[in-house]
Amino acid sequence: MARQSSVPPQCCKGFMRFRAFWRLLALVPVAFGFAPVGTALGAAAELGVRHRIDLMVSAEPDSPILSRLRGAKGELSLTVRLSANSKESRFFGMLRPSFPDIVVPDGAGQPLVKQTKLWEEEVCHQRRGLPKVTVTQLGGHFAEGEGRIEISAINRHIGLLVPPDELTPGIKLDSGSDSLGPFYAFRAQTRNSRLNVDVRIYSIDCSL
């Protein structure tokens with residue numbers, strides 16, 4: 001009786017090597033890929049954002065306030081329309097900050113109103129774009145008596161005459177970053193009184 005060989009045919013050897021190779025590939029993602037990728041995705045999903053809005057008021061070098069009333073006292077008030085559409089905030093309305101006891105600086109390099117927080121979200125939420133902010137009115141006065149300067153600047157409206165001291169909103173400024181984080185910036189400027197209201201919208205990372 002002929003003795004059977006213990007050496008498998010070449011076709012069987014190839015099949016066994018092929019099956020062992022694919023078993024090895026199946027183990028690689030388990031050992032190296034699944035845990036880190038899952039952790040990274042989980043961490044990214046927990047990262048949300050809160051928005052903060054700051055403003056600052058300054059005068060152009062050719063502003064009559066700087067040329068005639070340096071050192072004089074005055075006050076300013078603003079009306080700012082804000083729409084924050086995240087489900088957590090759902091804020092829409094008019095903000096009316098006021099700034100009494102302003103002293104007109106000696107030069108244009110110093111602000112009338114230093115950078116001040118206007119509004120900030122208390123709840124962290126998913127990223128759904130920036131809040132919509134529009135400065136619609138700027139009013140106030142500086143000095144007293146014959147040298148008094150009144151400020152009454154508003155936006156242009158369809159169907160109405162252009163206001164004498166028109167307030168032009170939405171002038172884009174360079175974005176940047178400071179101690180509070182990265183910000184998007186824009187300016188509202190008055191035509192005759194030559195005042196600037198600079199607005200910064202901060203996007204602050206937070207955990208959901």
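Three aromatic pairs are counted in this predicted model. One of them joins F91 and W119, whose rings lie 5.8 Å apart centre to centre with 40° between the planes, a tilted arrangement. Because F91 belongs to strand β3 (residues 91-95) and W119 to strand β5 (residues 113-120), the pair ties together parts that are 28 residues apart in sequence. The two partners fall into separate accessibility classes: F91 is partly exposed, with a relative accessibility of 28%, whereas W119, at a relative accessible area of 12%, is buried.

A further pair is formed by Y184 and F186, with ring centres 6.5 Å apart and planes at 45°, so that this pair is likewise tilted, given that angles under 30 degrees would count as stacked and those over 60 as edge-to-face. Here Y184 is partly exposed at 31% relative accessibility, while F186, at 6%, is buried, the cut-off for burial being under 20% relative accessible area.

Besides the ring pairs, a contact between a charged side chain and an aromatic face is found at F183, where R200 lies over the face of the ring at 4.1 Å from the ring centre.

Definitions and conventions
Residues numbered from 1 in each chain as written. Predicted model: local features only at pLDDT ≥ 70, side-chain atom pairs only at ≥ 80, totals over all residues. Heavy atoms only, no water. Phe/Tyr/Trp six-rings, centres within 6.5 Å; stacked < 30°, edge-to-face > 60°. Helix = DSSP H or I, 4+ residues; strand = E, 2+ residues; numbered from the N terminus. Buried < 20%, exposed > 50% of the residue type's maximum accessible area, 1.4 Å probe, protein only. Lys NZ or Arg CZ within 6 Å of the ring centre and 35° of its normal.
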